[in-house]
Amino acid sequence: MASDQLTSDSAKKGPLPIFRARGVSKIYEMGEVRVEALKDVDFDLNEGELLVLLGASGSGKSTLLNILGGLDRPTSGMVWYREHDLSQADEDELTTYRRKHVGFVFQFYNLIPSLTARENVALVTEISDDPMAPEEALDLVGLADRMDHFPAQLSGGEQQRVAIARAVAKRPNVLLCDEPTGALDLETGRIVLRALERVNNELKTAIAVITHNAAIANMGDRVVRMGSGRIASSDVNTHRLSIEEIEW
Amino acid sequence: MRALNRKLLRDLWHHRGPMLSIAAVVAAATMTVLSMRGTYESLVIARDSYYEQSRFPDIWASLERAPESLKSGIQGLDGVSAVDTRVSFMATVRVEGLEKPATGFFSTIDREDVMLGRLHLRSGRLPGQDERDRVVISEQFAKANELVEGSTVRAVLNGQLRELEVLGIGISPEHTYPLAPGSIFPDNQTYGVFWMGRNALSELADMEGAFNQVALTMQAGAKEAHVISELDAILKPYGGLGAHGRDLQVSHQFLESELSQNRTTGTFIPAVFLAVVAFLLNMVLRRLIATQRQEIAVLKAFGYTNADVGSFYLRMALFAVFLGAAIGSVVGYWLGDMMVELYTEFFVFPDLQYRLSGWLLSFAFVISALAAGIGAMAGVRQAVSLPPAEAMRPQAPASFRPGIFERIGFARFLSSSMRMVLRNIERQPVKSIFSAIGVSFSVAILVVGMFLFDGIDYMMDLQFNRIQREDLSVSFERPVSPSVLYELQSLEGVSEAEIWRSVPARLISGHRRKEVGITGRHLDDDLRRIIKEDGLMVRLPAEGLVISRFLADALQVEAGSILDVEVLIGQRPVRQVAIQEVVDDFLGVSAFMEIDALHRLAGGIRSVNGANLKVEAGRRESVSRALADVPAVADVSSPRAMYESFRKQMDEGFAIGVFFLVLFSSIIALAVIYNGARISLSERGRELASLRVLGFSKQEVALLLFSEQGLITLIAIPIGWALGYWLAFAMVQSLITETYRIPFVVDSGTYLASAAMTVLAALLSSWVVRRRLNRYDLISVLKTRD
């Protein structure tokens, strides 16, 4: 899946959704138990959109995000990244896809403890085609003065911002965030969300944020609610709140 | 406790990889204890009971000729218990169907009650005192030449060709390792021992009522040096050639050096294995306990005591270790039995069999348990001291700091992934160092094992290609006139001949003395050369002595020193002689002189004892046969044939030796690297999963994981070389004997092979762990908190 092909295709046909999922189901077989995590889900994510995926634990939102991010494959249904069918891609194609097009942010940061903030970012820029400088990415998340610290020397919020910098440094088309503030307090959570907002505004990166925290939903362009493996609703947010106005 | 036991079994099953690898190392340790140590003990038991039954002498002396009446004089010496006098000599023997002539050591047998070093009959009967031409022959010679009771051989005894009938086949404790004089390994086809009745053989040798060898046992508490000097004094007028104790009895000496080698390796190798076991258990258990923090907390919260929790992990270690010890015992028993079987080909005892003592078996289990205890100690203490509340919390994130490489400014050349590798190694320096040492043992074991062959190869090449350049060497039954040279030169097929003389002498420096044969040769002789350790040739000086380093060290003299030389034949003159040069050589103990200088030193009639011959191509066998029929010839031997038979034995030994070395070293390398990589994977699974999410391919992630073990292996290789070099040097030092010194030579091939084997083991371990890595579930790893 070559990136030049992707760009030329999208240029021809005008703005397509970045992701299109149609009739996606995911069934986990855990020993003798069958868990239907996704049931016939249709879903789109548009260019430049900041989308909040809201749902209780076990609603299937993480499963959907993992499938979009190429970490997992649906049991049935189709998923396209632009015009590329992720549901048919093999292991190597998914690796290339993750490497070039998508950035991840997790609840538990998942930084490499043996590398400094700068090096954690460099780890990704070293294998990317057109990355920004690690320093630039860290500056974007407000960590210009903490670049040579190791994860163990950073607070939770700082670690999460390093994770965001690491995710955006390769200039991905889409950023997938799974409970990015789940382990953080309100104030720190705000700083992290502000960093995400800035990425969305300045780099025009499409972002999907998973949360079970309904308050956060107000910062998105669109809010998709999930429950029991299905999409319950999808609402365009006419009045996007600034981070400072959010309370939880 | 039953539920906890069930958990123990399940945990063992779940961690079967590390547990089995540890069990394998313990098995190897037990195997070496049972086989090597067991063989050693079996040999010692066989030797002791044999020496006891056969009344093995303590002291021997050879002399020219003394009347039998002297026996009572010897008997009366202070400290002497029993005395046995003998007549013995060498003679050539012709066996039907054997191309080359053989050499026989002929000796008298006396009445059972007076004989020391009694014969043990395997079959047939002993000849009577007066039974002429009836002999008992040594078992090895009989086997090698397919001789049985009733077979006949021909021998030239005292100038007469006689046909000898084999009455019986026997073994003697003085010939447990049957070695022809001057050789360093047995050739049973061409060397055998022949025993005939005392009166019959004495008559044939013109030695009626006389003896030329005496053996004796000492009273308890007698001083050997004292008895030897008394014996030397009493034999002096009868051409005494110097008495010696068991330490210089050839067969005993070889047996002892084999035993001491067995004891050393049987101690050293298991110790290495057990050290590796302790290290592995320490590493594996600590990791296991780190991953089971929460389970430990729950157990403690429910009221399990610290002792319950501690003994849980201790039992885990003991299980792995006892499993290994049990497997090792079975294999070790079988291996020990095989090794003893192999020994019976070289050392002959009436009753040698593998005996596994209960003591040794329990010893193997006890030291294994000890290694388990030491290895488990840190982990158990960690589990015991964990307060339940703290155990419930996840472990604090690992803290890192820039390592030494970065502080010296090396970092800018490194990619982020390489930095990860280096920092991980530097963060746990103890673990990294022990891993490297563990792997280096595996390299060192190979170096030490293979170097022995390098050294022996070097020694043999020097001996048979550079020193002994003759096709045949001949020794005469008694000294002959130097004019024998012309007869030999005129023999059909002989192209060159050089004669030599050997004069038994005692070299004296202060209170140190040493009996040795001084060899005299002509200055321009070229069939035999004197070659130093470094391969350079030493020219014989016109006057003075050239002696072996071993001899110089024993006498504490150097080149330039002056020695008193007491000639042990004829008028027994004592003269002062200068040492011109000291030679580092490997085989035997030598002293050389120019032949005319030696004649002058010895006084009396000029005579020679043997000759070295160069023979025309293809004539070796025929010349050798012709010489064997000459009455004056005692022995004809071919260095080439000796070399070939030696090579054959060496190659077989090499194959067996290398098999076990490779097995042992691979077990260590596999276990250390496999567990190291597996623990890295467990510690860093989350990190590696993150990398996969970030778009690193499986290969890239695997490379990152294995770079650490790879780097440790690379560091371990030169350490292993150095360790092996040092151990090899220590081994060479401990194996310095009068008969041979192993040259300290380590071929580059040995270094390469040892490194290659270890790298191979590392790759194999990585491959196993790689399969595990491929099964890792990306998502579930990232969803959990450490």
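Colleague: What is the strand order in the open sheet of four strands in chain B?

Modeller: This is a predicted model. The order there is S2-S10-S1-S11 in chain B, and the pairing is antiparallel.

Colleague: Which strands stand at the edges?

Modeller: Strand S2 (80-86) and strand S11 (243-245) of chain B. Each has a single partner strand, so one side of each is left without a neighbour in the sheet.

Colleague: And what does the twist average from one strand to the next?

Modeller: The average is 25 degrees.

Colleague: How many bridges join S1(B) to S11(B)?

Modeller: Three, between strand S1 (residues 59-67) and S11(B), running antiparallel. In S11(B), Ala243(B) is the residue opposite Ala61(B).

Colleague: Which helix packs on that sheet?

Modeller: Helix H6 of chain B, residues 224-235. H6 touches S1, S2, strand S10 (210-218) and S11 of chain B, and its direction makes about 10 degrees with that of S1(B).

Colleague: Over to chain A. What is the order in its open sheet of six strands?

Modeller: S6-S7-S8-S3-S9-S10, with mixed pairing. The edge strands are S6 (102-105) and S10 (230-236) of chain A, each pairing on one side only. Neighbouring strands are turned by 15 degrees against each other on average, direction ignored.

Colleague: In what sense do S6(A) and S7(A) pair, parallel or antiparallel?

Modeller: Parallel, over four bridges, with strand S7 covering residues 174-178 of chain A. Val105(A) has Cys177(A) in S7(A) as its bridge partner.

Colleague: Which helix packs on this sheet?

Modeller: Helix H7 (residues 186-203) of chain A, touching strand S3 (50-55), S7 and strand S8 (206-211) of chain A. The direction of H7 makes about 155 degrees with that of S8(A).

Colleague: Now the interface. How many residues of each chain are in contact?

Modeller: 31 residues of chain B contact 28 residues of chain A. The two chains bury about 2700 Å² between them, 60% of it on carbon and sulfur atoms.

Colleague: How many salt bridges are there between the chains?

Modeller: Four. One of them links Glu119(A) to Arg423(B), with the closest N and O atoms 2.5 Å apart. The interface also has 11 residue pairs in polar contact, both residues at pLDDT 80 or more.

Colleague: Which elements of chain B give two or more residues to the side that touches chain A?

Modeller: Helix H13 (416-427), helix H19 (639-693), helix H20 (698-734) and helix H22 (778-783) of chain B.

Colleague: And by class, what does that side have?

Modeller: The side of chain B that touches chain A has 11 nonpolar, nine polar and 11 charged residues.

Technical notes:
Residues numbered from 1 in each chain as written. Chains lettered and ligands numbered in written order. Predicted model: local features only at pLDDT ≥ 70, side-chain atom pairs only at ≥ 80, totals over all residues. Heavy atoms only, no water. Pairing = 2+ DSSP bridges. Axes fitted to C-alpha atoms, helices over the stretch in contact; angles between N-to-C directions. Contact = heavy atoms within 4.5 Å. Buried area = accessible area lost by both parts, 1.4 Å probe. Salt bridge = Lys/Arg side-chain N within 4 Å of Asp/Glu carboxyl O. Polar contact = N/O pair within 3.5 Å; in protein donor to acceptor, adjacent residues only side chain to side chain. Nonpolar A, V, L, I, M, F, W, Y, C, P; charged D, E, K, R; others polar.
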